[in-house]
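Reader: Hi, could you walk me through this one? I have a few quick questions.
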Amino acid sequence: MTTAVDPVVAADPTAPVVTRRRRGGPWLAVVPPLVVGVAGLLLWETVVKVGRVAPYVLPAPSAIGEQFWQSREVVWRTGLASGENALIGLLVGAAVGLLAAMVAARFAFLGEVSIPVAAALNALPIIALAPILNNMFDSTSSVPRRLVVAIVVFFPVFVNALRGLREVDPIHRDLMASYAASGWTVTRLVRLPAALPFVFTGLRQASSLAVIAAVVAEYFGGLQNGLGSRITSAAANTAYPRAWAFVLGACVLGLVFYLVALLLERLVMPWRRV
């Protein structure tokens with residue numbers, strides 16, 4: 001693997017490194033996905049209309065958009081309910097995952113034991129976990145859904161954070177040892193700052209998973225106030241465009257969670273901006 005070297009830096013190592021901006025600026029990151037998305041929707045609409053695809057197989061985007069607009073108040077209300085469960089579960093799962101990663105990075109034995117346990121938690125299917133938790137709590141409680149989200153979120157945050165906490169520059173570790181710094185001091189001043197890129201990678205992954213887990217957990221009883229219950233209800237009544245409208249609401253909610261996680265990463269680590 002070869003690394004490109006700036007000729008100015010090669011000639012004079014003390015010369016300042018100039019970061020070259022990509023041509024097109026932010027438009028280059030926005031326009032291509034937008035064009036591809038619009039083209040995909042047009043192709044979808046054409047296939048459904050020309051091929052006369054039945055609505056129960058695949059509704060047209062225009063029908064889904066119409067139902068989304070007509071049900072916008074319900075989508076907003078149920079989206080807030082699902083978003084609240086996803087947010088609380090995300091915060092709990094991310095906090096527990098980060099704390100567990102800090103402990104596992106501090107003690108090597110726990111680090112080796114915790115990986116299989118975390119993998120086992122990640123392998124738990126939501127469709128099996130949600131009904132069990134629903135039976136453990138009251139039918140009007142949102143705790144089961146939030147626990148499902150927390151369990152799903154735990155794994156990506158834990159694994160990414162643990163990897164980042166372990167990748168510490170030996171020079172920094174030796175320097176802190178020469179200062180007789182305690183384990184918590186090393187973690188707070190050296191390990192955590194170095195692990196931030198890994199932690200936010202896990203958070204970005206977990207942000208979308210939190211919404212998926214919250215919506216799917218609503219399929220299995222409990223309060224009927226979220227997007228998941230509306231999707232199953234509409235599909236059971238053969239109102240397939242309306243069911244897809246609620247699916248679209250879940251997609252928008254997941255995108256909002258991801259963008260917030262991305263924005264938080266930019267605020268905490270502004271030096272990583274491209």
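Reader: To start, in which helix is valine 103 found?
Author: Valine 103 is found in helix α4, residues 72-106. Helices here are DSSP runs of H or I with at least four residues, numbered from the N terminus. This is a predicted model, where local features need pLDDT of at least 70, side-chain atom pairs count only at pLDDT 80 or more, and totals for chains, interfaces and linings use all residues. Residues are numbered from 1 along each chain as its sequence is written, and side-chain values use heavy atoms, without hydrogens and water.
Reader: Why does valine 103 count as partly exposed?
Author: Because its relative accessibility is 40%; buried means under 20%, exposed over 50%, and partly exposed in between (1.4 Å probe, protein chains only).
Reader: Which nonpolar surface patch includes Val103?
Author: One of about 700 Å², which Val103 makes with Phe107, Phe109, Leu110, Val113, Val117, Leu121 and Leu124. Patch residues have over 30% relative accessible area and no salt bridge, with nonpolar side chains joined within 5 Å. A salt bridge would be a Lys or Arg side-chain nitrogen within 4 Å of an Asp or Glu carboxyl oxygen.
Reader: And which helix gives the largest share of the patch?
Author: Helix α5, residues 108-122, with five residues.
Reader: New topic: how far apart are the end C-alpha atoms of residues 147-165?
Author: They lie 26 Å apart, and the span is 100% helix. For residues 115-135 the separation is 29 Å, with 86% helix.
Reader: Where does leucine 192 lie?
Author: In helix α9, residues 183-217. The C-alpha atoms of leucine 192 and leucine 165 are separated by 6.4 Å, though the two are 27 residues apart along the chain.

Notes: Patch = residues over 30% accessible without salt bridge, like charges linked within 9 Å, V, L, I, M, F, W, Y side chains within 5 Å. Areas by Shrake-Rupley, 256 points an atom, 1.4 Å probe, with all protein chains shown as cover. Helix = DSSP H or I, 4+ residues; strand = E, 2+ residues; numbered from the N terminus.
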